[in-house]
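Look at the sequence and the structure below.

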Amino acid sequence: MKLETNALVLKATDSGESDRILTLLTQDYGIVRAYANRAKKIGAKSSSATQILTYGHYTVYIGRNGNTLGEAKSERLFMGLRDDISKLSLAQYFCSLANEFVGEEEKSETALRVILNSLHFLENGQKSQLFLKMVTELKLLSIAGYMPQLGECPHCGKSESETMVFSFRDSAVYCPAASKEGTVITRGMLSAMRHITSCPVSRLYSFALPKDEERYLSELIEKYLLFTIEHPIKTLDFYKSVSV
């Protein structure tokens, strides 16, 4: 069986002197892992296309004993991320999130578009890293089926006030009078969360928050993500260690 699809290289692990093992976020087949023979050889046609954070078109042959990379043509290398340790570590965290939330043999075009757009803005410096981090985290959570309930308070039906309370345990917002536990968020933060979870990717990045609210909401969404998956992510820990 042969797969042909656009994909982003999430991970490239050296194998022996000349080979690589790739983890691909594909447009049509979810996460695909493939063995890239002689990819490290000087002059190899697939060398640039088998590096991490490379987007391109890939042919993968599916076999009983493992998958093998056929043709690989790079279209974008995101070279601007490789010279900045903070940007590179955040990009690697985005790759970890894709590997966390996207399964095998599933349509993954939307998740791929989110990652590619976030890498584009990260490379160009058009959005802050905190902004891109929280948008990518919450959107991928929502795509994977962990969208929080951000409509009305389950107790009174109130949809918004100057402040609301977000409950990690219930994955929902409450009015302040209905919940005594949770994290207080402003009207603007709630609006931002609703925008991220519900809008198409084409409009995903078209909002802004004051810097103090951006930082607060970024911390909240990170906590919600870690609460949801129930385990640490090494690339997140590394990003936080170099971005202080």
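## The second largest pocket

About 220 Å³ of space lies in the second largest pocket. A pocket is found on a 1 Å grid over the protein atoms alone, as an open set of points with protein on both sides within 12 Å along at least five of seven lines. Grid points are joined across faces, edges and corners, and a volume is the space filled by probe spheres set on the points. This is a predicted model, in which local features need pLDDT of at least 70 and side-chain atom pairs count only at pLDDT 80 or more, while totals for chains, interfaces and linings use all residues. Residues are numbered from 1 along each chain as its sequence is written, and side-chain values use heavy atoms, with hydrogens and water left out.

The residues lining the second largest pocket (those with an atom within 4 Å of a point) are M1, L3, Y29, I31, V32, R33, I62, N67, E104 and E105. Strand β3 (residues 31-36) gives the largest share of this lining, 3 residues. Helices (H or I, at least four residues) and strands (E, at least two) are DSSP runs, numbered from the N terminus. By class, 6 of the lining residues are nonpolar, 1 is polar and 3 are charged. Ala, Val, Leu, Ile, Met, Phe, Trp, Tyr, Cys and Pro count as nonpolar, Asp, Glu, Lys and Arg as charged, and the others, Gly among them, as polar.

## The largest pocket

The volume of the largest pocket is about 280 Å³. Its lining has 11 residues, and L130, R215, E219, E222 and K240 are the ones nearest the centre. By class, the lining holds 3 nonpolar, 2 polar and 6 charged residues.

Which elements each supply at least two residues of this lining? They are α3 (129-143), α5 (211-229) and α6 (234-242). The most comes from α5, with 5 residues.

## The cavity

Rolling a probe the size of a water molecule over the atoms shows where empty space is left. A cavity is a set of grid points where a 1.4 Å probe fits but cannot get out. In the whole structure, a search finds 1 cavity of 30 Å³ or more. The largest cavity has a volume of about 30 Å³.

The lining of the largest cavity is made of L3, T5, L24, T26, V32, Y58 and V60. Two or more of these residues come from each of β1 (2-15), β2 (19-26) and β4 (55-61). The lining has 5 nonpolar and 2 polar residues, and no charged ones.

## Strands β6 and β8

Strand β6 (residues 163-167) and β8 run antiparallel and are joined by 4 bridges. Two strands pair if DSSP finds at least two bridges between them. In this pair, V165 stands opposite V184 in β8.

Strand β8 (residues 183-186) has two faces: T183 and I185 are on the covered one, V184 and T186 on the uncovered one.

## Aromatic rings

A pair of aromatic rings is described by the distance of the centres and the angle of the planes. Rings of Phe, Tyr and Trp (its six-membered ring) pair if their centres lie within 6.5 Å; planes under 30 degrees apart count as stacked, over 60 as edge-to-face and the rest as tilted. The count by this rule is 8 aromatic pairs. F166 and F168 are an edge-to-face pair because their ring centres are 5.6 Å apart and their planes stand at 85 degrees. F166 and F168 are both buried, where buried means under 20% relative accessible area, exposed over 50% and partly exposed in between (1.4 Å probe, protein chains only).

F166 and Y224 also form an edge-to-face pair, at 5.4 Å centre to centre and 85 degrees between the planes. F166 lies in strand β6 and Y224 in helix α5, so this pair ties together parts that are 58 residues apart in sequence. The relative accessibility of F166 is 0%, and Y224 is buried with a relative accessible area of 4%. One aromatic cluster is formed by F166, F168, Y224 and F227.

## Positive phi angles

L53 is not a glycine, yet has a positive phi of about 65 degrees. L53 is in the loop between β3 and β4 and counts as buried, because its relative accessibility is 0%.

S171 has a positive phi near 55 degrees and is also a residue other than glycine. S171 is in the loop between β6 and β7 (172-174). At 15% relative accessibility, S171 counts as buried.
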